[in-house]
Amino acid sequence: MRVFWKSRRCNKMTGKDVFFYQADDEHYIPRAILVDLEPRVIQNIQTQYGHLFNPENIFTAKESGGGGAGNNWASGYAQAEKYQEELIEMIDREADGSDSLEGFLMIHSIAGGTGSGSGSYLLERLNDRFPKKIIQTYSVFPNQNETSDVVVQPYNSLLTLKRLAQNADAVVVLDNTALNRIAVDRLKIPIPTVSQTNSLVATVMAASTTTLRYPGYMNNDLVGILAGLIPTPRCHFLMTGYTPLTVDRHISSIRKTTVLDVMRRLLQTKNIMVSTSTKSGQYISILNIIQGDVDATQIHKSLQRIRERKLASFIEWGPTSIQVALSKKSSNVDTSHKVSGLMLANHTNIGSLFDRIIKQYNKLRNRNAFVDNYRKEAMFKDTMDEFDDSKNVVEDLMREYKAAESKNYLDYDQDEMRQEEP
């Protein structure tokens, strides 16, 4: 799990100081904290990139004996609470070192123990400690098509979803089910490795922050990016799509890229990194970040063509258009295509992803399966109400997204909707 800072200070043509600061020896250090309750992954990072990160910002639990959270949300949460002084000290030190702190980016998984449990605790503390700062997460959802060795992942996912709904301002959903499908179907990788799927995640993260790192006239801060994507605070879970994709030497079979071609491909379900269909439901908002040598005329023509062909169905109570941000390509990275694009989209059918998690949760909870390890922690020692409360929060979130499809959504009352249900 990693926490990154977003500072508003920019250096001339590129915003180096947004995610980095300059050390005394003049090399740049990421504004990042790396947290894990077991040392293996952190040690691999230190072996490969030890010179890059500030060693004071790397945390591993010393007293857990290397066992981590045991894929248990409750254990991860309790251990983060135990080590809160060390973690908060790291956060405060980095926050105080920012010239103009705008917010936090957190990268974590929702299915295991550390990313879900410790991540949930840190989300709550960040929200309490920095109530006026933006909290955006990149949250990795588990692969629904494979049998997981983490049998309690529905419990962990549901408990984390409650915190994401209540404590984050924006959640970029990265669904392992869809990432695996894209790697197999689009990039022709028979058995994708963790490194290869992580490369897809890195591509999305790099593209979604490109207007922060190469600032222009618009969308050059988190507020500018999120304001148009999240018109109502509870509907803040975002889908992503990217084209054309490249991982290692595997390149998606696209030989020529134009603005219209890229924007049209971004709307295709097969390129979206969430395992829900956008043919059901409606778009609340879309932001396309287009990289390459592009002029405004090409953008206007492409938007007009997409509108004429009705390729995207929008809600009736808000703007029915695609927002577009233009960004430069990095001069330090060679790419095989002239134009590339990222789509950040708020879509009502994201609720079907939550529905699958609740159904898996119900199968376990109805039999009280695998709850003993949760009862060992203080939060669950006397009662299991936290499970029921988390389920209620996620069900309310699903109702909210469903209601957003109605033209009367702005008059929507969640309490009335809950009372009307059988």
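Trainee: Which loop does Pro244 lie in?
Mentor: Pro244 sits in the loop between β9 (237-243) and β10 (246-247). Keep in mind that this is a predicted model.

Trainee: And what kind of peptide bond joins Thr243 and Pro244?
Mentor: A cis one, with omega at about -10°.

Trainee: OK, switching to helices. How do α6 and α16 cross?
Mentor: The axes of α6 (residues 153-167) and α16 (residues 385-403) come within 9 Å, and they cross at roughly 60°. The two helices are therefore oblique to each other.

Trainee: Is that crossing left-handed or right-handed?
Mentor: Left-handed, for α6 and α16.

Trainee: Which residues in α6 meet which in α16?
Mentor: From α6 you have Tyr155, Leu158, Leu159, Leu161, Lys162, Arg163, Ala165 and Gln166. They meet Glu386, Phe387, Asp389, Ser390, Lys391, Val393, Val394 and Leu397 in α16.

Trainee: What does that contact look like by class?
Mentor: The contact of α6 with α16 has 9 nonpolar, 5 charged and 2 polar residues.

Trainee: New topic: what's phi for Asn71?
Mentor: Near 55°, which is positive even though the residue isn't glycine. Asn71 is placed in the loop between β5 (58-60) and α3 (73-82).

Notes:
Residues are numbered from 1 along each chain as its sequence is written. This is a predicted model: local features need pLDDT of at least 70, side-chain atom pairs count only at pLDDT 80 or more; totals for chains, interfaces and linings use all residues. Side-chain values use heavy atoms; hydrogens and water are left out. Axes are lines fitted to C-alpha atoms, for helices over the stretch in contact, and angles run from 0 to 180 degrees between N-to-C directions. Helices (H or I, at least four residues) and strands (E, at least two) are DSSP runs, numbered from the N terminus. Angles under 35 degrees count as roughly parallel, over 145 as roughly antiparallel, 65 to 115 as roughly perpendicular and the rest as oblique. A crossing is left-handed if the near helix is turned anticlockwise from the far one by less than a right angle, and right-handed if clockwise. Contact means heavy atoms within 4.5 Å. Ala, Val, Leu, Ile, Met, Phe, Trp, Tyr, Cys and Pro count as nonpolar, Asp, Glu, Lys and Arg as charged, and the others, Gly among them, as polar.
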